[in-house]
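Please open the structure in a viewer and keep the selection tool at hand.

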Amino acid sequence: LFVYMSHSLRDSFPFFQANPGLVYLDSAATALKPLPVLQALQEYNTNQSVNIHRGVYRLSQLATDTVESVRAKTARYLSDAPDALAVFVKGTTEGFNLLAHALTSPESKLADFFPAYRSDKPPAILLSESEHHANIVPWQVAAKRSGYKLLYLRADADGCLASQSAEVAGLFDSYAIRIVSLSLQSNVTGIVHDLSAVRELASQHGSAFIVDAAQAAVHVPAKIKAVQPDFTVFSGHKLFSATGVGAVVGRKPVLDACAVYQTGGGMIALVEHEASTYLEAPARFEAGTQPIAEIYALGAAIDFVAQHAREIHDTDERLRTYADEKLKTLGVRVFGMSAGTARSPIYSFEVAGVHAHDTGTLLDEQDICIRAGHHCCQLLMRSLGVAATARASFSVYNTEDDVDRLISGIEYVKKIFRK
Ligand code: PMP
């Protein structure tokens with residue numbers, strides 16, 4: 001029954017008719033788009049195609065209502081807070097640029113929400129060595145500009161985080177850690193980190209807690225809610241939606257207290273010659289015309305994952321169990337496989353003596369799409385002790401056959417390099 005269900009869901013992805021025989025194992029980079037998402041893009045672009053907000057005609061009102069309903073759906077998908085609000089951004093990267101600015105700007109008034117902003121200790125931002133560059137570089141720029149110290153949770157040679165140590169508690173004693181920003185799930189190893197201890201420390205010390213949910217939003221959405229982040233950031237395109245849209249989800253009163261990020265039309269209350277006043281959230285963060293078609297697509301994608309939550313979860317578990325076993329027998333180094341580590345099926349591996357790019361190219365010759373490189377995680381590569389990995393990532397449309405194709409593909413890579 002499970003196999004039947006996953007195959008029928010696979011039929012919702014026209015990609016496979018357009019690319020017969022292709023084994024797509026790069027969903028951690030971007031997921032394929034199911035029919036309802038494609039139809040939502042088409043519906044807006046073909047039949048509606050009008051701008052939102054302030055339109056006095058009915059079609060504009062319809063588009064505005066649709067966008068606002070997707071906003072509410074997005075917030076509900078990622079947060080149980082009654083005043084949770086989704087601000088649309090281009091994706092996780094833009095979300096972090098927004099937050100890095102908003103949470104370090106002297107114009108933000110955050111001390112009432114996060115007592116660490118009142119402390120006399122040196123202000124700091126806590127990240128981890130397994131973060132994506134999107135959750136590192138914006139903080140480096142903001143830290144330099146605003147005089148924050150950057151602190152990192154260490155990642156070990158398997159990609160696990162040392163988040164429960166006395167050393168971490170010590171950091172909270174030495175610094176006013178105003179911001180903790182961590183990914184719940186690694187895009188390199190698929191590890192779902194246990195953030196509970198550091199979440200607890202952040203609550204005790206009054207830090208703002210941010211979750212990078214770029215991967216977790218599709219694989220473990222319930223775990224995001226369990227962490228109760230102050231802000232959650234994700235990209236629609238990894239959740240079966242179109243590229244160009246994602247969201248920052250946070251509580252409205254906190255967002256209202258944050259300094260504006262991009263400025264222009266749509267976010268102002270009053271413009272005068274010398275200065276302007278701004279609207280409340282979410283409008284204050286949404287300058288300019290929004291990616292309306294993509295927001296329609298995001299709504300369809302969230303409906304799709306809600307409707308198929310069980311299949312998505314079960315397929316993850318089935319493929320992970322199957323691929324774990326198969327990869328073990330292959331004699332390649334797979335990262336993130338320490339006992340007891342929670343994961344979903346994203347595999348970084350190294351074929352001994354073969355550069356990840358050669359592995360990727362030889363797999364491509366066999367119509368298998370994987371990714372090779374540092375995956376925008378150079379600090380993690382250093383912890384793992386490699387320059388690059390090959391990465392195969394699975395999604396709801398993949399099957400055991402795809403795992404078998406990967407395994408025989410890797411065997412072929414080993415054979416070529418043995419010659
Ligand atoms: N964080 C993580 C964990 C990711 O996997 C990614 C995408 N690979 C990003 C951030 C950045 O997302 P985007 O490129 O969509 O902005």
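Begin by selecting His273, which is placed in the loop between strand E9 (268–271) and strand E10 (276–278). The model is a predicted one. Is His273 buried or exposed? His273 has 5 other C-beta atoms within 10 Å, and a residue with 12 or fewer counts as exposed; His273 is therefore exposed.

Next, display the open sheet of seven strands, whose order is E2-E8-E7-E6-E5-E3-E4 and whose pairing is mixed. Its edge strands, E2 and strand E4 (149–153), each pair on one side only. On average, neighbouring strands of this sheet are turned by 20 degrees against each other, direction ignored.

Select strand E2, residues 84–89. Five of its six residues are buried, so strand E2 is largely enclosed by the rest of the structure. Its partner is strand E8 (residues 246–251), joined to E2 by six bridges in the antiparallel sense. Within this pair, Ala86 stands opposite Val249 of E8.

Finally, select the ligand. Which residues surround the ligand? They are Gly91, Thr92, Thr93, His132, Ala134, Asn135, Ser183, Asn187, Asp212, Ala214, Gln215 and Ser235. Colouring this shell by residue class shows nine polar residues, two nonpolar and one charged.

Terms used. Residues numbered from 1 in each chain as written. Predicted model: local features only at pLDDT ≥ 70, side-chain atom pairs only at ≥ 80, totals over all residues. Buried ≥ 20, exposed ≤ 12 C-beta atoms within 10 Å, placed from the backbone. Helix = DSSP H or I, 4+ residues; strand = E, 2+ residues; numbered from the N terminus. Pairing = 2+ DSSP bridges. Near = placed C-beta within 6 Å. Nonpolar A, V, L, I, M, F, W, Y, C, P; charged D, E, K, R; others polar. Axes fitted to C-alpha atoms, helices over the stretch in contact; angles between N-to-C directions.
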